[in-house]
Amino acid sequence: MLSMNDVVVLVSYEPGTKVNGITAKGKRIEKEVFANIASTKRTEFYQALKNGIKSDYTITVNKSDYNGQKKVVFDDREFTVVREWIKSEYYTELTLSEVI
């Protein structure tokens, strides 16, 4: 069984409302979950870089906690999910790139 000793915040947004043809961003929804945080491995880092993607961290969360959120926050930093992978029937792995 995987050790989930870290806490991250998965971020999503409610659908925005359209006013005068402009869609406003919806309400931010934050969900705290346990995770396993690891630096991206060298091979994954360089493969992502070849495809124009900067890969900072790889985190693993319980599959039941992840619902397609595209932002993750931890250590007071915000990251974008650049890749998601179902690791097993219980876990989903997310590759993250820092939002600058």
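How exposed is Glu 84? Glu 84 is partly exposed, with a relative accessible area of 42%. On this scale, buried means under 20% relative accessible area, exposed means over 50%, and partly exposed lies in between, using a 1.4 Å probe and protein chains only.

Before I go on, a word on the source. This is a predicted model, where local features need pLDDT of at least 70, side-chain atom pairs count only at pLDDT 80 or more, and totals for chains, interfaces and linings use all residues. Residues are numbered from 1 along each chain as its sequence is written, and side-chain values use heavy atoms, with hydrogens and water left out.

Now the layout. The protein has 1 helix and 8 strands. From the N terminus, the order is β-β-β-β-α-β-β-β-β. Helices (H or I, at least four residues) and strands (E, at least two) are DSSP runs, numbered from the N terminus.

Next, the barrel. It is closed by 6 strands in the order 1-4-5-8-7-6, with antiparallel pairing. From one strand to the next, the twist averages 45°. Those angles run from 0 to 180 degrees between N-to-C directions, with axes as lines fitted to C-alpha atoms, for helices over the stretch in contact. Two strands count as paired if DSSP finds at least two bridges between them.

Look at strand 8. Strand 7 (residues 77-86) and strand 8 (residues 91-98) run antiparallel, joined by 7 bridges. They form a hairpin with 4 residues between them. Arg 83 has Thr 95 as its bridge partner, and Val 81 has Leu 96. Strand 5 also pairs with strand 8, antiparallel, over 6 bridges. There, Thr 60 partners Glu 93. Strand 8 is mostly covered, with 7 of its 8 residues buried.

What about the core? A nonpolar core here is a set of buried Ala, Val, Leu, Ile, Met, Phe, Trp, Tyr and Cys residues joined through side-chain atoms within 4.5 Å. The largest one has 14 residues. Val 8, Ile 59, Val 72, Phe 74, Leu 94 and Leu 96 touch the most other members. Strand 5 gives the largest share, 3 residues. In soluble globular proteins, nonpolar side chains tend to be buried together.

On to charges. The structure holds 6 salt bridges. A salt bridge is a side-chain nitrogen of Lys or Arg within 4 Å of a carboxyl oxygen of Asp or Glu.

Take Arg 28 and Glu 78 first. Their side chains meet at 3.4 Å, N to O. Arg 28 lies in strand 4 and Glu 78 in strand 7, so this pair ties together parts that are 50 residues apart in sequence. Arg 28 is partly exposed, at 32%. Glu 78 is partly exposed too, at 23%.

Back to Glu 84. Its salt bridge partner is Lys 70, with the closest N and O atoms 3.3 Å apart. Glu 84 sits in strand 7 and Lys 70 in the loop between strand 5 and strand 6, 14 residues apart. Lys 70 is partly exposed, at 44% relative accessibility.

One more pair. Glu 93 and Lys 87 form a salt bridge, with the closest N and O atoms 3.7 Å apart. Glu 93 is buried, at 10% relative accessibility, whereas Lys 87 is partly exposed, at 38%. Elsewhere, salt bridges that share partners join Arg 28, Glu 30 and Glu 78 into one network.

Last, the whole protein. Of its 100 residues, 32% count as buried.
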